[in-house]
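Good morning, and thank you for the time.

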Amino acid sequence: MVTSISEGIILKSAREVALMRQAGRIVAEVLQLLMEAVCPGIATKDLDEIARREIRARGALPSFEGYRGYPAAVCVSVNDEVVHGIPGGRVLAEGDVVSLDLGAIYKGYQGDAALTVGIGSLSFDAKRLIEATEEGLKRGIAAARPGGRVGDISAAVQGYIEAQGFSVVREYVGHGIGRNMHEEPQVPNFGQPGRGPMLRAGTTLAIEPMVNAGDWRTRVGDNHWTVYTLDGSLSAHFEHTIAVTEDGPEVLTVA
Ligand code: MF3
Ligand code: CO
C-alpha cells in the first residue's frame, strides 16, 4: 500500500475510509445508547460503564481509555464543563446540559464523535446554545469540500456561531483522524476562508465545535483534564468524523 501524504495530511484510500465508516458506525451507535441513558439520577460513571461494554460488544476498543493517561472511555462534560469531563460519582439532574464525547478503534481505525443533550426542560438560551452548536457543526461539515481549505470549515463554524451571539472555544480544536485519533491538520473552529491546508479526496477529519454561551476563554480544573468556561457560562459540543470525497463530505460517525 502506498500512503499518500499532502501538506502533512495522511490521505486515506477507499479501503481505509470503509474501515473508518465501520469504526464511525460503532461510535454513533454507542453514543446513541448513551444519549438515551442520560436521565435524572444516573451517575456519570454509569455512562462510562455502558460505553466500555457496548464498544467492546461491537468488537472495538475505547480509544480514549489510557490516551495520555485519560481514565475513562467517554468524556461527560456538564453545564460549564466544556470538554474532558471525567465520569465519576456525579449524579445528573433535571436541567443539566450534558456533552458526551466518545471514540473507538476498530480494525486499526478511529472514530470520534460528540453530542450535547439537555435533561428535561432547559432555559430558552440553553436550548438555543445546543441547537446552534449542532448547526455550526453541520455548516462546518458542508464546507469540507475537495479543493477547499481547512479555513473554509473554520470560518463556516465561527461565522454561524458568532452570528447567534455565542463564542467558539479557541484553545481546543478539531483534528485529522485515521489510524491515530489525532493527526494533521488541526481544524480550528475560528479562522478565515481560503487559508490553511488544502482538503482533498481522502482527507479524514474530526470537526468539533465547542461553543460557550458567554466568553470563549476556558480554564482547566484540578483533575488536570476537565475544561471549564472561565466565566461559568454553559458550553455545548458536537463532533463528527468525516471523509472528504470527490463528491463532497461524507459523515462517518452515523448509525
Ligand atoms: N474528542 C476529543 C478529542 O478529539 C476526545 C479526546 S478525550 C481523551 O480530543 F480523553 F481521549 F483525551
Ligand atoms: Co475529537
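I shall begin with the conventions and then turn to the pockets.

This is a predicted model, in which local features need pLDDT of at least 70 and side-chain atom pairs count only at pLDDT 80 or more, while totals for chains, interfaces and linings use all residues. Residues are numbered from 1 along each chain as its sequence is written, chains are lettered from A and ligands numbered from 1 in the order in which they are written, and side-chain values use heavy atoms, with hydrogens and water left out.

First, the pockets. A pocket here is an open set of points on a 1 Å grid over the protein atoms alone, where a 1.4 Å probe fits, with protein on both sides within 12 Å along at least five of seven lines; lining residues have an atom within 4 Å of a point. Points are joined across faces, edges and corners, and a volume is the space filled by probe spheres set on them.

The largest pocket holds about 510 Å³ of space. Its lining has 24 residues, and Tyr 67, His 84, Tyr 172, Val 173 and His 182 lie nearest the centre. By class, the lining comprises eleven nonpolar, five polar and eight charged residues, where nonpolar covers Ala, Val, Leu, Ile, Met, Phe, Trp, Tyr, Cys and Pro, charged covers Asp, Glu, Lys and Arg, and polar covers the others, Gly among them. Strands β9 (174–176) and β10 (183–187) each supply at least two lining residues, and the largest share, four residues, comes from β10. Helices (H or I, at least four residues) and strands (E, at least two) are DSSP runs, numbered from the N terminus.

At least two lining residues come from each of α1 (14–37), β7 (109–118) and α3 (124–142).

Next, the metal. Which residues coordinate the cobalt ion (ligand 2)? They are Asp 112 (OD), His 175 (NE2), Glu 208 (OE) and Glu 239 (OE), at 2.1 to 2.3 Å. Donors are N, O and S atoms within 2.8 Å of the metal (3.2 Å for Na, K and Ca), and water is not among the atoms, so sites may look incomplete. Along the chain the donors follow the spacing D-x62-H-x32-E-x30-E. Two of them link distant parts of the chain: Asp 112 lies in strand β7 and Glu 208 in the loop between β11 (204–207) and β12 (210–212), 96 residues apart. Asp 112 is buried, at 2% relative accessible area, and Glu 208 is also buried, at 7%; buried means under 20%, exposed over 50%, and partly exposed in between (1.4 Å probe, protein chains only).

Finally, the salt bridges, each a side-chain nitrogen of Lys or Arg within 4 Å of a carboxyl oxygen of Asp or Glu. The count comes to 14. Arg 58 pairs with Glu 54, the closest N and O atoms being 2.7 Å apart; Arg 58 is partly exposed at 26%, whereas Glu 54 is buried at 17%. Both belong to a network of salt bridges that links Glu 29, Glu 49, Arg 53, Glu 54 and Arg 58. Arg 139 bridges to Glu 135, with 2.9 Å between the closest N and O atoms, and both residues lie in helix α3, four residues apart, about one turn of the helix.
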